[in-house]
Structures are given as structure tokens and as C-alpha cells.
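Okay, quick one from me today.

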Amino acid sequence: MAQRTFIMFVAILLLLSSPGGLAKRVPSQTWCVPKPYIDSLILQGNINFVCSEVDCGSIKPGGPCFAPDTSMNHASVAMNLYYQQHGRWEEHCEFKGSGLIAITDPSNGDCKW
């Protein structure tokens with residue numbers, strides 16, 4: 001009986017910790033952006049992390065999302081790239097508490113999100 005209880009406990013933990021478990025997937029018309037008061041060092045850390053995982057060419061010089069050349073703009077684009085490429089799961093916009101899910105498209109000019 002103890003072994004069966006343990007197996008059920010492990011199965012529940014796996015369900016809760018998996019992206020397909022009880023994690024919340026948000027609608028397709030959402031974007032991930034930094035919270036407005038986040039320090040630029042945290043933003044740069046988010047950019048570094050994301051750009052080690054996905055292609056961030058759009059925020060490099062000459063890219064459609066380079067301007068304005070600010071850490072807030074670049075982090076916004078990068079964090080959203082990560083969020084979108086990972087299926088728009090709420091947990092992929094956490095960024096240690098610095099991310100925020102937006103319902104208004106932040107695209108501007110040639111920078112399409």
C-alpha cells in the first residue's frame with residue numbers, strides 16, 4: 001500500500017510540474033513584456049538569457065526591433081520571443097518576477113511581434 005501511495009504522489013508531482021499539467025496557457029493574442037519598473041540590469045539579464053535560447057536578430061543593430069535602442073525595448077522584444085516560442089505558457093513570462101502578460105499588441109512600425 002505504501003508503494004502505491006508513493007507512486008501516486010510522484011505522478012501528481014510530475015503532473016503539477018509539467019508544462020502540459022496544471023500550468024496555465026494563455027490566449028494566442030497575448031504578449032510578454034517586462035514590468036515597467038524593472039531595473040536595467042535585470043532587463044539585460046533577461047536579454048542575455050533569452051538570446052542564448054532563441055534568435056534575437058531582430059533587436060540587433062539593423063534589425064526591425066533595434067530602435068529604440070533601450071534595454072526596456074530590447075528586453076520586451078526578447079522576452080516576448082521566448083514566451084511565443086515556448087507556446088505562450090504563463091510560466092514562460094515569469095523571468096523571476098520581472099515579466100508581465102499584456103493583452104495589447106506592442107508592435108510598432110516594422111517591429112511586428
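Let's start with lysine 96, which is exposed because its relative accessibility is 90%; exposed means over 50% relative accessible area, buried means under 20%, and partly exposed is in between, with a 1.4 Å probe and protein chains only. Before I go on, the housekeeping: this is a predicted model, so local features need pLDDT of at least 70 and side-chain atom pairs count only at pLDDT 80 or more, while totals for chains, interfaces and linings use all residues. Residues are numbered from 1 along each chain as its sequence is written, and side-chain values use heavy atoms, with hydrogens and water left out.

Back to lysine 96: its phi is positive, about 55°, although it is not a glycine. You'll find lysine 96 in the loop between α3 and β2. Helices here are DSSP runs of H or I with at least four residues, strands are runs of E with at least two, and both are numbered from the N terminus.

Now, arginine 88 sits in the loop between α3 and β2 (99-102). Arginine 88 is a non-glycine residue with a positive phi too, near 60°. Is arginine 88 buried or exposed? Buried, with a relative accessible area of 18%.

Next, the loop between α2 (40-53) and α3 (71-85), where we find proline 68. The peptide bond joining alanine 67 and proline 68 is cis, with omega about -5°.

On to helix α3 itself, which holds serine 76. Serine 76 is buried, at 9% relative accessible area. A polar atom of its side chain lies 2.7 Å from the backbone oxygen of methionine 72. If you skip neighbours within four places in sequence, serine 76 is in contact (heavy atoms within 4.5 Å) with Cys32, Val33, Pro34 and Trp113.

How do α2 and α3 pack? At an angle of about 40°, with their axes 9 Å apart; the axes are lines fitted to C-alpha atoms over the stretch in contact, and angles run from 0 to 180 degrees between N-to-C directions. So α2 is oblique to α3: under 35 degrees would be roughly parallel, over 145 roughly antiparallel, 65 to 115 roughly perpendicular, and the rest is oblique. On the α2 side the contact includes Leu43, Ile47 and Val50, and on the α3 side it includes Met72, Ala75 and Met79.

Terms used:
Polar contact = N/O pair within 3.5 Å; in protein donor to acceptor, adjacent residues only side chain to side chain.
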